[in-house]
Amino acid sequence: MSAPLIWILFPFLVSLGLIFLRRFQKLSYAISAGLSFFLTLAALMLPLQTVFRLGPLNLEIVSSLSYFGRQLSITSADRLILVLIYSSGGFLLLGGWVSRAPRLLPSLGLMLLSVLVAALSVQPFLYAALLVELAVLICVPLLSPPGEKPGQGTLRFLIFLTLGLPFILFAGWALGGTGLNLTDTRQVNQALFLLGVGFLFWLAVFPFYTWIPMLSSETHPYSAGYVLNLLPPIMLLLLLDFLGSFPFMRGLPAFIAALRLVGVLMVLTGGIWAAFQENLGRLFGYAVIMETGYLLLAFSVPNAAGLEAFSAALIPRMVSLAVFSLALSLLRQARIPLTLTGIRGCLKTRPFTSGALVAALLSLVGLPLFSVFPVRINLIFLLAGESIPVMAASLAGMAALLVTVVRVLDSALRAPQPQKDRDEQLENPADLDSAQKPENWQEILFASGGILILVMMGLFPGLFLGGLPGILSAFPLLK
Amino acid sequence: MDSWFTLPLIGLLMVSNLSLLVVNDWRRLMVILAVQYLVVFSLVLSLWPLGMAAIKLIGGWMSLAVLAAHPPQPEALSANQPPRWGTVVRVLALGLIWLVVFSISPMLSDATFIPWPMMTAGMLLVWSGLLQLGIYRQPIRVIIGLLTLLSGFEIIYAVVEFSLLVAGLLAAVNLGLAFIGSYLLTASEMEDQT
């Protein structure tokens, strides 16, 4: 038995089977989330490359699987990455059930996880580009489910992420295929340029991020949340994987300066656009952009502390964005328009859902007591040591997002809209009943659970985030 | 590489670029794309053995078969602009692109050691694909634009990468895009599942 069989092929085959079970939603979610948690536990507990006894059987899980001379390789050092991907996938899939996400989420969501793990474990690297493209294609039916007209955001998502493929393939060839000559600066610069442009598209870096708010405002918030929660961090892990083979690149001043520039532009512009947003779906998109910007800024700190800040930020980011998208989905499910006007008075009519929305936003701002705070304050200190203007710009981005949170809170706390105005905003008269129904126990459980996790992670960061820098053991050459 | 062989092929690619922008009939579009894949195959054949180069042709034609399985409504193909002036603007834009491509291809060829004919042919398709992606908002046109762009990239990439597996996977990407195009064409008519 091999590790890629367990963590890639098996979930992929199960996800194919789940497509046929899509009408049985509870069962589909139970299987996909259950399998994700099982694979998380397996990553934590199963020994790799060691013979162990399972009842009467002696088993050994080998770390690689060869096909056509190429390898899928999952070693002991990759365990925490598997835990990160499958545990976050498991929680997100669990939330999909209560948020009434599109029926394809359990199957395609699980398939996406397995393909992304394959992209991280394939050798040589250039095959990862093709697997990422496969992941992008899998995302399209999630973002544009059957019965809905495909939106421009979904099309732009497909276009921009596909545009990254040629650049990454060329970069893979320039770096690996020809055997890079480090003394040839022209060749190194060419390879860096291709790699940089490829990741600009993949990470939706400034100025190629316009599709994110578009996508998040026109598709189901939970589907958009699932895709936008998983793709950017895994793309950055791919970049780490790539740089792991060429560690000298991380120290290049041009590389660091470029990362810092795009990171700070994403945080600043994301925050400023967010401050003027009326639509909560678009606000979610800008929050995603800002978080990717912070990850890039952590990445740009050229020492081990920067990488640790990057890895420690992954879980708080995921949790905050997941709670945000869950809250938006629950509001949408109650037929409440996802605008600042639409959520007027929601804190009284739907206290748990709006509480989760506000808590997620406060966490994303980086305020104390919430999950992002410990990693954000650490990043701010690191940036202060590197560049005061960059630190100041990051703080300005946070302040701009805080303005939005105040606007959301103000709207949620106001008296509910007059009945006449609210009726006019609803497309279907039947929606009125849904909007007036109180939250059910599942919504209360998930929303309050989300708030609790956000606060617990903020209060006890060591307990939740202490082990995360262990992810870096998969990239031993990077410092 | 013999220019007597490649120059007519580059000319054919230019015709296909132009046709993709002015034609709004589904069947004709499919025929133009089929010819375009044939030209890509012919160009790659000058570098790769027949068996490997055939992957491009078969993969491309299979993608077209998948796309052609569900013909779109006529309005799903037409451009956003009014017919006559829209066509003029698109053709002008294509003309500018040809100018740029023929100006920069020799420089890029020198910088990357990729032969000029392959670079020119590849860039013609890449830029034509980008133009389509920029002009059209209809899902099927976006997919055609992406397929065109990837065809151009594959011509250039064929010079540097000779792997059978990569060629196969790129054909799979083309097929995947075609499946997604076919899905996007029918998605709104499918049963509401949310």
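This is a predicted model: local features need pLDDT of at least 70, side-chain atom pairs count only at pLDDT 80 or more; totals for chains, interfaces and linings use all residues.
**Figure 1. B:Leu165 and its contacts in chain A.** Helices here are DSSP runs (H or I, at least four residues), numbered from the N terminus. B:Leu165 touches A:Tyr67, A:Phe68, A:Arg70 and A:Tyr127, not counting residues up to four places away in sequence; contact means heavy atoms within 4.5 Å. At 15% relative accessibility, the leucine counts as buried (buried is under 20% relative accessible area, exposed over 50%, partly exposed in between, with a 1.4 Å probe and protein chains only). From B:Leu165 to B:Glu154 is eleven residues in sequence and 14 Å in space, C-alpha to C-alpha.

**Figure 2. Where chain A meets chain B.** The contact draws 34 residues from chain A and 34 residues from chain B. Together the two chains bury about 3,200 Å², with 73% of that on carbon and sulfur atoms; buried area is the accessible area (1.4 Å probe) that two parts lose on being put together, summed over both. Seven residue pairs are in polar contact across the two chains, both residues at pLDDT 80 or more. A polar contact is a pair of N or O atoms within 3.5 Å; within protein, one must be able to donate a hydrogen and the other to accept it, and residues adjacent in sequence count only if both atoms are side-chain atoms. On the chain A side, the elements giving two or more residues are α5 (126–143), α6 (152–177) and α7 (185–202). The largest share, eleven residues, comes from α6(A). By type, the chain A side splits into 21 nonpolar, five polar and eight charged residues (Ala, Val, Leu, Ile, Met, Phe, Trp, Tyr, Cys and Pro are nonpolar, Asp, Glu, Lys and Arg charged, and the others, Gly among them, polar).

**Figure 3. The salt bridge between B:Glu154 and B:Lys56.** These side chains meet at 2.9 Å, N to O; a salt bridge is a side-chain nitrogen of Lys or Arg within 4 Å of a carboxyl oxygen of Asp or Glu. The pair links distant parts of the chain, with B:Glu154 in helix α6 (residues 139–160) and B:Lys56 in helix α3 (residues 50–68), 98 residues apart. B:Glu154 is buried at 5% relative accessibility, and B:Lys56 is buried at 6%. Over all chains the search finds six salt bridges, but the count between chain A and chain B is zero.

**Figure 4. Two salt bridges within chain A.** A:Glu386 pairs with A:Arg260, the closest N and O atoms being 3.3 Å apart. That ties helix α15 (residues 373–386) to helix α10 (residues 253–275), 126 residues apart. A:Glu386 is partly exposed at 33%, while A:Arg260 is buried at 15%. The other pair is A:Glu278 with A:Arg407, at 3.6 Å, N to O. Here A:Glu278 sits in the loop between α10 and α11, and A:Arg407 in helix α16 (residues 388–413), 129 residues apart.

**Figure 5. Aromatic pairs in chain A.** The structure holds 15 aromatic pairs over all chains. Rings of Phe, Tyr and Trp (its six-membered ring) pair if their centres lie within 6.5 Å; planes under 30 degrees apart count as stacked, over 60 as edge-to-face and the rest as tilted. A:Phe37 and A:Phe91 go edge-to-face, 5.0 Å centre to centre with 75° between the planes. A:Phe37 lies in helix α2 and A:Phe91 in helix α3, so the pair ties together parts 54 residues apart in sequence. A:Phe37 is partly exposed at 26%, and A:Phe91 is exposed at 53%. A:Phe170 and A:Trp173 are also edge-to-face, at 6.5 Å and 75°. Being three residues apart in helix α6, they are separated by about one helical turn.

Notes. Residues are numbered from 1 along each chain as its sequence is written. Chains are lettered from A and ligands numbered from 1 in the order in which they are written. Side-chain values use heavy atoms; hydrogens and water are left out.
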